[in-house]
Amino acid sequence: DKTTTKQRQDTSPLSLFPSLSTFKLRKMKQNNQSNITTDKTYKCEIDITFPSSKIASQIRDVINVDDEIGDKVIRTLSVVSSSSNDTTGESNALRVNFQATEARLLRVSISTFYDVLNVSLKCFQEFS
């Protein structure tokens, strides 16, 4: 029996959205207030550039449905211009801000966000 194997095209989410390889961790800082548990002392801001503002808005709307569990982590999503040098004025970047009371919770929230983003991009790739 001869079996032929077709080569599949690259099915990674990055092949559909090549500019996603520009994940950029813009800011991560820890304040020196280790005893305060009510303040969100751990913060992170991430910008993810998409090919168009429509895709960035759709991804934001899909991910925004699920809130963070508990009140120790706050996540906000917004669509912004991809760079300060952008003269077109198109808002094609998804900005994600995290604020957490503990570094561990911040890490878990960011990791979960990337997992959900990956699933969302695979769906876009499959059905777009």
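This is a predicted model: local features need pLDDT of at least 70, side-chain atom pairs count only at pLDDT 80 or more; totals for chains, interfaces and linings use all residues.
**Cysteines**

Next I took Cys44. Is Cys44 buried or exposed? I noted a relative accessible area of 2%, so Cys44 goes down as buried. The cut-off I applied to both is under 20% for buried and over 50% for exposed. Then I searched for disulfides. How many does the structure hold? I found 0.

**Chain layout**

I listed the secondary structure next. The chain comes to 3 helices and 4 strands. Which pattern does the chain follow along the sequence? I read α-β-β-α-β-β-α.

I then checked contacts between residues at least 6 apart in sequence. Of these, 62% join residues at least 24 apart.

**Surface and burial**

Of the 128 residues in the chain, 30% are buried.

**Helix α3**

I moved on to α3, which covers residues 103–127. I noted 25 residues in this helix. From first C-alpha to last, α3 reaches 36 Å. That is close to the 36 Å expected at 1.5 Å a residue.

Which residues of α3 are buried? I wrote down Leu105, Leu106, Ser109, Ile110, Phe113, Leu117, Ser120, Leu121 and Phe124. Two serines, Ser109 and Ser120, are on that list. So are the phenylalanines Phe113 and Phe124.

**Aromatic pairs**

I ran the ring search last. How many aromatic pairs are there? The count comes to 2. One of them joins Phe98 and Phe113. I noted 6.0 Å centre to centre and 75° between the planes. This pair is edge-to-face, because planes over 60 degrees apart count that way.

What does the pair tie together? Phe98 lies in strand β4, residues 93–100, and Phe113 in helix α3. The pair therefore ties together parts that are 15 residues apart in sequence.

I checked the accessibility of both partners. Phe98 is at 1%, so I counted Phe98 as buried. Phe113 is at 2%, so Phe113 is buried too.

Which residues do the ring pairs link into a cluster? I recorded Phe98, Phe113 and Tyr114.

Conventions: Residues are numbered from 1 along each chain as its sequence is written. Side-chain values use heavy atoms; hydrogens and water are left out. The expected span of a helix is 1.5 Å times one less than its number of residues. Buried means under 20% relative accessible area, exposed over 50%, partly exposed in between (1.4 Å probe, protein chains only). A disulfide is a pair of cysteine sulfur atoms within 2.5 Å. Contact means heavy atoms within 4.5 Å. Rings of Phe, Tyr and Trp (its six-membered ring) pair if their centres lie within 6.5 Å; planes under 30 degrees apart count as stacked, over 60 as edge-to-face and the rest as tilted.
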